[in-house]
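User: I would like to learn how to read aromatic ring pairs in a protein model. Please start with the general idea and then go to the case shown here.

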Amino acid sequence: MKHLSFFALSAAFALGACSTEPRQHDPLLWYSQPATEWLEASPVGNGRLGAMLYGGVDTDRIALNEATLWSGQFDSHQEKPFGREKLAALRKLFFDGKLAEGNDVAAEHLRGNYNSFGTHLPLGELKLSFTHPSGELSGYRRELNLSSAVGEVAYSVGGVRYRREYFASNPAGVIAIRLSASKPNAITLDVALDLLRSAAITADDDGQIAFSGKVAFHMHGPGGVDFAGKVAVAADGGSLTATDSALSIKDASSVTIIVDVRTSYVGEAYRALCDAAVEEALAKEYEALKAEHVKDHSSLFGRTELHLGSSGAERLPTDVRIRQVKEGKTDVGLDALFFQYGRYLLIASSRANSLLPANLQGIWNDNRACHMGWTCDYHLDINTQQNYWLANAGNLPECHQPLFAYIKDLSVHGARTARQVYGCRGWAAHTVANVWGYSAPSQSISWGLFPAAGSWLASHLWRQYCYTQDKDFLVGEAYPLLKGNATFLLDYMAEHPDSGYLMTGPSISPENSFRHSGRTLSASMSPTGDRQLAFEIFTACIKASEALGVDADFADSLRAAISKLPPMKVGRSGALQEWFEDYEEAQPNHRHTTHLLGLYPLSQISAERTSDLAQAAAKTIENRLNAEGWEDTEWSRANMLCYYARLKNPQKAYENLNRLLVEFSRDNLFAVAPGGVAGAEWDIFEFDANEAAPAGIAEMLVQSFDGYIEFLPALPEQWSTGYFKGLCVEGGAEADLQWKQGAVQKATIRATVGNEFAVKLPAPRQQRKVLINKQRLEVAPDESGVVTVSLNAGDVLEIQ
């Protein structure tokens with residue numbers, strides 16, 4: 001018996017590449033060689049545990065993560081008290097045109113203390129070191145099946161076909177690995193840990209490796225959780241022996257490995273929870289454990305299908321396909337795969353029972369972001385929000401729940417911030433947040449003085465209701481948090497002494513700046529993004545009040561406040577103004593475009609309703625994309641895709657999807673923030689674009705933000721024929737669509753709640769038939785081609 005040499009592996013991979021064809025119909029990422037680096041590995045996750053699968057032959061590496069493995073600790077001194085009187089004096093400087101002096105005062109006083117902020121951290125790696133029989137390697141294949149959420153590696157050597165399966169089970173709360181072979185007693189390996197965290201590791205002859213420690217990290221302040229984990233091995237046949245910290249299995253016919261990690265973030269019972277989860281998983285037959293996992297995952301993933309045609313590349317490995325796209329080829333199948341991959345990743349990182357929402361890297365930590373000054377945390381000036389843009393349209397509303405629980409916790413800490421920093425009621429949060437309740441301004445006002453960040457986060461609560469129409473959720477979760485944030489905004493905003501406009505500030509348009517009085521400044525009164533977010537929260541509360549029949553007086557106060565909000569303005573260049581005044585941009589190439597929130601993800605700018613503002617938004621986008629040295633990065637490119645979808649510009653939307661794949665996507669289809677942006681020396685994975693871009697794809701196919709449902713509003717020529725099933729629309733419904741050569745063949749809307757639905761009939765409108773539950777309905781569309789129908793829950797509307 002021998003270990004395979006690197007040269008033998010390389011030769012075998014070269015000879016065997018693409019020799020095994022993928023199974024049809026299942027959305028797969030697959031490769032004909034192991035991963036050699038993190039951005040080639042395949043992700044699995046159960047909403048708490050995450051793993052990156054390398055699939056090495058002699059040595060397999062499984063990079064382990066746990067969502068609550070954080071450094072840092074709660075800090076009761078995060079805020080620098082300021083208060084209402086000092087805030088009024090500071091605002092007077094801004095209202096008097098003394099912006100430079102106002103910025104200096106704000107920079108000194110309106111910033112927080114990063115005493116123990118912390119960061120999410122990776123745990124380290126599980127290493128499986130195999131011994132194989134002599135012979136050449138052949139038929140290697142590594143895949144990730146998105147439908148089942150099972151990773152697999154298979155290869156042959158010495159007359160034996162070896163197979164490995166990996167999955168992260170949400171019902172069982174563990175990671176499971178299964179090793180099997182075509183011949184009995186053919187599996188020999190060592191199991192060990194290579195941790196990045198300091199830990200005591202022990203192994204026993206019962207086949208368990210136990211480890212425990214306390215997180216300590218040299219950056220981002222003191223503190224950290226305690227953690228404990230187990231790796232349990234059950235071998236069929238052969239022998240199992242333990243060293244001090246590793247296990248050796250010899251001549252087994254099959255091996256099952258169960259992994260769990262828990263932290264003290266959940267309380268003192270974390271060790272017992274880990275022990276119980278591993279014990280219960282080991283007590284089950286492997287096939288039953290797997291079947292339970294697949295059923296659970298597919299109940300979510302299987303709700304939605306997308307087919308955008310065939311490019312002939314479907315039989316090629318994923319890394320070859322992405323390489324061909326980078327070389328200029330079109331692969332519509334890869335476009336659809338990328339959409340479904342976004343849904344897969346959201347399921348894997350954020351489940352209804354997750355302890356925390358997806359962070360900057362989901363739940364997969366590359367050990368790079370945590371070493372940056374901006375950490376692997378929650379960025380509330382776009383990144384965390386983008387993580388969840390796909391949840392509603394992608395038919396995964398349950399995946400939103402960890403974010404809502406996080407907002408509820410953040411609001412408690414944010415109430416202290418509102419009171420101590422601004423002297424206001426309600427709650428607020430700023431640009432960055434952690435798991436320890438940080439809600440204060442950041443250390444620099446240039447990117448951290450953004451008290452409307454909490455409002456942006458809270459807007460997801462209202463969007464969830466718009467899609468689900470769940471009044472229990474509205475009354476029990478969403479409305480109290482929305483009302484608390486609206487209360488802050490009402491208390492916080494001040495009337496302009498000359499115009500009477502109700503204005504936020506001083507605050508920033510993250511993370512941009514402008515020129516004034518010979519200086520580059522960040523803070524001003526009522527940046528456009530603030531105005532849009534205030535309008536969104538006020539309007540959401542008014543509609544919630546009407547839906548629930550409560551708080552009529554409070555709703556009236558919000559209507560009065562809306563009447564005093566400043567308008568969105570078009571500047572001298574024809575672009576939408578980023579600030580209340582038409583300041584000169586200090587960084588016209590900046591990646592942030594917060595003043596376009598009204599276009600997407602909000603619905604305040606529309607090509608139909610507000611064509612002048614839509615044109616100004618398009619001009620803003622054009623200026624940014626054409627600016628010299630534009631800070632192109634993964635999430636800003638995904639932003640552009642979403643913007644152009646809302647502007648109903650299909651080819652521009654597709655161009656930006658393509659640029660995202662070409663410039664920012666790696667072999668495992670993870671999107672990266674490229675080295676050189678935001679101080680990074682290397683490419684760093686960020687979860688945001690993997691969710692925001694699929695949300696943009698959905699927006700290209702069906703829109704419902706403008707008061708009616710419209711099919712194929714931004715269909716590019718590349719997707720001329722296709723279908724989707726199970727995309728969600730506002731009002732409480734799922735939609736299916738078939739189209740051919742750009743023309744709708746059949747559209748279906750299934751009501752999940754009773755409601756009235758407005759639908760724009762596809763052309764040719766006069767020839768369309770409308771049916772409800774197979775019964776033809778005579779309808780008269782308005783001048784825009786929109787028909788309105790009432791549906792009960794379970795009714796099916798068809799347009800043929």
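Analyst: The structure, a predicted model, holds 28 aromatic pairs. A pair of aromatic rings is described by the distance of the centres and the angle of the planes.

User: What is the geometry of the pair formed by Y265 and W436?

Analyst: The ring centres of Y265 and W436 are 5.8 Å apart, and their planes make an angle of 70 degrees. Planes over 60 degrees apart count as edge-to-face, so the pair of Y265 and W436 is edge-to-face.

User: Where in the chain do Y265 and W436 lie?

Analyst: They sit in distant parts of the chain, 171 residues apart. Y265 belongs to the loop between strand 16 (254–263) and helix 4 (270–283). W436 belongs to the loop between strand 19 (432–433) and helix 11 (445–448).

User: Is Y265 buried or exposed, or partly exposed? And is W436 buried or exposed?

Analyst: The cut-off for buried is under 20% relative accessible area. W436 has a relative accessible area of 16%, so W436 is buried. Y265 has 29% and is therefore partly exposed.

User: Which class does the pair of F724 and W739 fall into?

Analyst: That pair is tilted, with 6.2 Å centre to centre and 55 degrees between the planes. F724 is in strand 29 (residues 722–729) and W739 is in strand 30 (residues 733–740). The two residues are 15 residues apart, and the pair links distant parts of the chain. Both F724 and W739 are buried.

User: Which residues do ring pairs link into a cluster?

Analyst: The cluster consists of W38, Y341, Y344, W364, F670, F685 and F687, linked by ring pairs.

User: Now the whole protein. How many helices and strands are there?

Analyst: The protein has 19 helices and 36 strands. Its radius of gyration is 27 Å, close to the 28 Å that the globule rule gives for 800 residues, so the protein is as compact as a globular protein of that length. The C-alpha trace spans about 85 × 65 × 50 Å along the principal axes.

User: What share of the residues is buried, and what share of the contacts joins residues 24 or more positions apart?

Analyst: Of the 800 residues, 62% are buried. Among contacts with a separation of 6 or more, 69% join residues 24 or more positions apart.

User: What about the surface and the charges?

Analyst: The accessible surface is about 28000 Å², and carbon and sulfur atoms account for 48% of that area. The protein has 72 positive and 94 negative charges, with mean positions 3 Å apart.

How values were computed: Residues numbered from 1 in each chain as written. Predicted model: local features only at pLDDT ≥ 70, side-chain atom pairs only at ≥ 80, totals over all residues. Heavy atoms only, no water. Helix = DSSP H or I, 4+ residues; strand = E, 2+ residues; numbered from the N terminus. Rg over C-alpha atoms; globule rule 2.2 N^0.38 Å. Buried < 20%, exposed > 50% of the residue type's maximum accessible area, 1.4 Å probe, protein only. Contact = heavy atoms within 4.5 Å. Areas by Shrake-Rupley, 256 points an atom, 1.4 Å probe, with all protein chains shown as cover. Lys, Arg positive; Asp, Glu negative; His and termini not counted. Charge placed at Lys NZ, Arg CZ, Asp CG, Glu CD. Phe/Tyr/Trp six-rings, centres within 6.5 Å; stacked < 30°, edge-to-face > 60°.
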